[in-house]
Amino acid sequence: MLPISVHWPRGEADSGDAALRRAVLRREIAHPVVNDGSGRLRQAFKVGSRPTIIALSSDGSELGRRSGALDRAALRALAGAAAASPAPPLRLSLERDQEKP
């Protein structure tokens, strides 16, 4: 299972890639984060509230979804759905591993 966060800017101040990069590094986020400044991902996955967690299979089909306040049981259920749909590992490069500007 690979968590990927989708950043949904709240305003102009946090909409740019540089601001997002600083936040990811400051918070020591250790998984990929996508900047959805255009809203295309939100629209494609019909996300209307924060937080929303969607478990996807390796072919992109939705396995489960939770919106709003999340508890451990809900996260375990989504993780179980994702684990039941194994996929080959992805090789990713995180911002924290990149050269600092």
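Me: What does the side chain of Asp-36 reach?

Reply: It reaches the backbone nitrogen of Leu-41, at 3.1 Å. That is a polar contact, meaning a pair of N or O atoms within 3.5 Å; within protein, one must be able to donate a hydrogen and the other to accept it, and residues adjacent in sequence count only if both atoms are side-chain atoms. Bear in mind that this is a predicted model: local features need pLDDT of at least 70, side-chain atom pairs count only at pLDDT 80 or more, and totals for chains, interfaces and linings use all residues. Residues are numbered from 1 along each chain as its sequence is written, and side-chain values use heavy atoms, with hydrogens and water left out.

Me: Where is Asp-36 found?

Reply: Asp-36 sits in the loop between β2 (33–35) and α2 (40–44). Those labels are DSSP runs numbered from the N terminus: helices are H or I with at least four residues, strands are E with at least two.

Me: Is Asp-36 buried or exposed?

Reply: Asp-36 is buried, because its relative accessible area is 3%. Buried means under 20% relative accessible area, exposed over 50%, and partly exposed in between (1.4 Å probe, protein chains only).

Me: And which residues does Asp-36 contact?

Reply: Leaving aside neighbours within four places in sequence, they are Val-6, His-7, Pro-9, Leu-41 and Arg-42. Contact means heavy atoms within 4.5 Å.

Me: OK, His-7 then. Where is that one found?

Reply: His-7 is in strand β1 (residues 5–7). His-7 counts as buried because its relative accessibility is 17%. Not counting residues up to four places away in sequence, His-7 touches Asp-14, Leu-20, Val-33, Val-34, Asn-35 and Asp-36.

Me: Switching to α1. Which of its residues are buried?

Reply: Ala-19, Leu-20, Arg-21, Ala-23 and Val-24. What covers them includes β1 and β2. Just after α1, Glu-28 takes a positive phi of about 55°.

Me: What volume does the second largest pocket have?

Reply: About 190 Å³. Of the 15 residues lining this pocket, the closest to its centre are Val-24, Pro-32, Val-33, Val-34 and Glu-95. On a 1 Å grid over the protein atoms alone, a pocket is an open set of points where a 1.4 Å probe fits, with protein on both sides within 12 Å along at least five of seven lines; lining residues have an atom within 4 Å of a point. Grid points are joined across faces, edges and corners, and the volume is the space filled by probe spheres set on the points.

Me: Which element gives the most to that lining?

Reply: α1, with four residues.

Me: What about β3 and β4, how do they pair?

Reply: Strand β3 (residues 52–56) and strand β4 (residues 62–67) pair in the antiparallel sense, over five bridges. Two strands pair if DSSP finds at least two bridges between them. Leu-56 has Glu-62 in β4 as its bridge partner. The hairpin has five residues between the strands, and Gly-60 takes a positive phi near 95° there.

Me: Last one: where does Gln-98 lie?

Reply: Gln-98 lies in the segment after α3 (72–83). Gln-98 counts as partly exposed because its relative accessibility is 34%. Apart from neighbours within four places in sequence, Gln-98 is in contact with Arg-21 and Ser-93. Asp-97 also lies in the segment after α3, and Asp-97 counts as exposed, at 52% relative accessibility.
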